[in-house]
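Please keep the sequence and the three-dimensional view at hand while reading.

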Amino acid sequence: MMLQQVSAPHLRAGQSTEEIMLRVLLALVPGIIAMAHFFGAGVFTNIIGACIAAVLCESLCLRLRDRPLLLYLKDYSAVVTAVLLALALPPYSPWWLITIGTVAAIALAKHVFGGLGSNPFNPAMVGYVVLLISFPVQMTQWTAPSSLAANPGVWDSVLAMIGSEAYDAVTMATPLDLLKQNDGFMVSALWQQYPQFGRFSGVGWEWINLAFLAGGVWLLQQKIFTWHAPVGMLAVLGLMSALFYDGGSSSSGGSPLFHWLSGATMLGAFFIVTDPVSGATSNLGRLIFGALVGLLVYCIRVWGSYPDAVAFAVLLMNFAAPFIDYYTQPKPYGYQARDADK
Amino acid sequence: MPSDLKDLTVKGLWSNNPALVQLLGLCPLLAVSTNVANALGLGLATLFVLVVSNVSVSLVRNIVSNAIRLPVFVLIIASAVTCTELLMQAYSFELYQVLGIFLPLITTNCAILGRAEAFASKNPVVPAAYDGLMMGLGFALVLVALGSIRELLGTGVLFADMQLLFGTRAEAWRCIVFKDYEPFLLAVLPPGAFIFTGLLIALKNRLDQYFASKNVKPTASDAGSKRARVTGVIR
């Protein structure tokens with residue numbers, strides 16, 4: 001009888017990078033459908049444009065770095081970065097905006113530091129912040145949700161992407177903008193005054209965030225990431241908004257539900273903060289990392305000068321991730337804590 | 001050209017460039033390189049100070065005792081900077097105002113003190129002056145390169161405000177490279193300075209690698225040579 005001889009390791013994680021990235025893409029689908037429902041075909045032109053730019057840029061960078069093209073291209077990490085960036089951009093963005101963001105994300109944030117796994121910052125968020133700082137006008141024009149104004153059609157969204165001015169779209173301030181610029185209105189009065197507010201947060205935004213939440217929970221169930229970082233972020237964001245809600249007065253920062261279901265909260269909590277490369281590594285570290293992201297998101301949203309803050313909060317905490325790792329290093333099995341002897 | 005002067009030229013402009021290799025004087029380099037005019041102004045001012053300070057330090061190098069050499073060098077540099085400042089106030093006042101604090105700060109530019117300490121205090125006047133000239137040129141070239149990249153990407157225009165340096169006839173030098181350009185603000189803002197300086201350094205290293213790989217001569221260690229090996233026997 002021949003016994004099969006296999007060398008260690010005998011226990012393997014079943015998931016390759018490729019598989020994980022594909023599942024992340026699959027989990028983004030409900031959110032993408034919800035966004036397309038409320039903002040129209042511009043969401044798809046964003047995603048397609050970003051994916052093309054990302055694959056081209058990734059190939060060029062791999063070529064320059066003398067790395068095998070196919071091996072790295074088919075792990076889909078560039079595509080995931082592109083889709084995350086595309087979802088953060090306002091729909092109907094012109095091609096040059098998408099391209100600059102993608103190049104910043106792939107070339108500057110990822111390949112300069114040594115490719116996937118070595119990047120200290122989340123690539124998609126670097127791309128987004130580069131664009132937000134460079135082109136504040138284009139980056140803050142969101143089309144109105146479809147229930148408030150007709151969205152441009154498919155042809156118009158293609159026109160918008162190639163940079164033509166010959167299409168019409170109604171843009172409106174997002175709910176986070178409105179709450180930030182609010183002076184002198186009670187929250188309930190604000191709700192009655194502007195049609196952009198829905199049941200809990202913005203019209204459309206609440207459904208988009210719930211869809212991303214659903215995708216994120218599925219990823220959690222698939223064990224792509226642990227619960228620590230998203231729960232930490234959402235808990236602290238909720239806690240902060242509950243503390244400073246003050247019953248909806250004119251200086252209120254908005255209710256916990258408003259903050260949970262506004263802007264990029266759920267996309268950030270389940271798809272950005274959970275980045276295994278640029279975040280903290282131990283479970284306790286992830287909890288702290290997520291919690292501090294939540295704290296920063298609330299502070300920048302309410303007291304800072306930008307309406308949404310997930311990108312800035314994540315980048316700031318990426319700086320701090322090695323520091324968090326240093327203090328939350330897990331004890332190896334069998335070692336005793338030094339203090340236990342006392 | 002004597003070989004040591006040639007060596008100084010190569011070192012100042014390329015292989016030991018103060019901005020790209022020594023990474024000295026980064027503060028003015030990053031802060032002032034928002035357009036070509038400012039970059040050229042500060043580059044020329046630094047070049048002038050570097051030559052004057054190198055010559056003076058080299059002249060006094062044998063009469064200054066080792067213990068007090070640094071204060072003396074700093075005093076010499078500071079007086080050269082004061083001269084430059086007064087000259088600029090007299091002849092290009094607008095540029096003086098634009099450069100602001102970074103003009104007096106040339107005193108603390110470590111590239112200048114570095115050259116005084118590392119070269120001028122150990123060499124006679126002519127090589128010291130030449131070294132100052134080449135190091136200053138190297139610094140000014142990087143400043144202008146960075147300034148033109150940032151101005152071009154940040155505004156889509158090149159050579160704006162050159163009248164600050166060359167008088168009113170230079171107003172016509174302003175050329176609009178991209179029409180209907182959406183300004184790429186990041187290039188003008190401080191992060192852009194860091195990013196583009198990093199990219200310039202990367203480009204310089206890449207070119208070095210390329211030249212090195214081109215100039216590689218077939219050496220004895222290639223095929224057919226004997227290998228020296230101390231452990232084991234090659235069979």
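## The model and its confidence

The structure is a predicted model. For the complex, the predictor reports an ipTM of 0.81 and a pTM of 0.86. The average pLDDT of chain B is 85, and 91% of the residues of chain B score at least 70.

## Overall form of chain A

Chain A contains 16 helices and zero strands. Its C-alpha trace extends over about 75 × 55 × 40 Å along the principal axes. Does the radius of gyration of chain A agree or disagree with that of a compact globule? For 342 residues, such a globule would have a radius of gyration near 20 Å; chain A has 21 Å, so the two agree.

Of the 342 residues of chain A, 48% are counted as buried. Contacts within chain A also reach across the sequence: among those between residues at least 6 apart, 75% join residues at least 24 apart.

## Two domains and the side they share

The domain assignment divides chain A into domain 1, residues 16–172, and domain 2, residues 173–327. Taken over C-alpha atoms, the centres of domain 1 and domain 2 of chain A are 21 Å apart. Contact between them involves 29 residues of domain 1 of chain A and 29 residues of domain 2 of chain A.

Which helices build the side of domain 1 of chain A that touches domain 2 of chain A? Helices α1, α4 and α6 of chain A each supply at least two residues of that side. The largest share, 12 residues, comes from α1(A). By class, this side of domain 1 of chain A consists of 23 nonpolar, five polar and one charged residues.

## Helix α4 of chain A

Helix α4 of chain A covers residues 77–88. At 1.5 Å a residue, its 12 residues should span 16 Å, and the C-alpha atoms at its ends are 17 Å apart, which agrees.

Because 12 of the 12 residues of α4(A) are buried, this helix is largely enclosed by the rest of the structure. The buried residues include S77(A) and T81(A), along with V79(A), L84(A) and A88(A).

## Helix α6 of chain A

The length of α6(A) can be checked in the same manner. Its 12 residues should span 16 Å at 1.5 Å a residue, and its end C-alpha atoms are 17 Å apart, in agreement.

Helix α6(A) is mostly covered, with 11 of its 12 residues buried. Among them are P123(A), G127(A), Y128(A) and S134(A). In chain A, the buried residues of α6(A) pack against α4, α5, α7 (136–139), α14 and α16 (310–327). They also pack against α9 (185–188) of chain B.

## Where the chains meet

Contact between the two chains involves six residues of chain B and five residues of chain A. On the side of chain B that touches chain A, five residues are nonpolar, none is polar and one is charged.

M240(A) belongs to helix α12 of chain A, which comprises residues 228–243. M240(A) counts as buried because it has 21 C-beta neighbours inside 10 Å, the cut-off being 20 or more. Leaving aside residues up to four places away in sequence, M240(A) touches L295(A) and Y298(A). The C-alpha atoms of M240(A) and P256(A) are separated by 7.9 Å, although these residues are 16 apart along the chain.

Most residues other than glycine have a negative phi. Y92(A), which is not a glycine, has a positive phi near 65 degrees. Y92(A) is found in the loop between α4 and α5 of chain A, and it counts as buried, with 27 C-beta neighbours inside 10 Å.

L23(B) also has a positive phi, of about 55 degrees, although it is not a glycine. L23(B) lies in the loop between α1 (3–15) and α2 (26–32) of chain B. Is L23(B) buried or partly exposed? With 14 other C-beta atoms within 10 Å, L23(B) is partly exposed.

Notes:
Residues numbered from 1 in each chain as written. Chains lettered and ligands numbered in written order. Predicted model: local features only at pLDDT ≥ 70, side-chain atom pairs only at ≥ 80, totals over all residues. Helix = DSSP H or I, 4+ residues; strand = E, 2+ residues; numbered from the N terminus. Expected span 1.5 Å × (residues − 1). Domains from an automatic or database assignment. Contact = placed C-beta atoms within 7 Å. Nonpolar A, V, L, I, M, F, W, Y, C, P; charged D, E, K, R; others polar. Rg over C-alpha atoms; globule rule 2.2 N^0.38 Å. pLDDT = per-residue confidence, 0-100.
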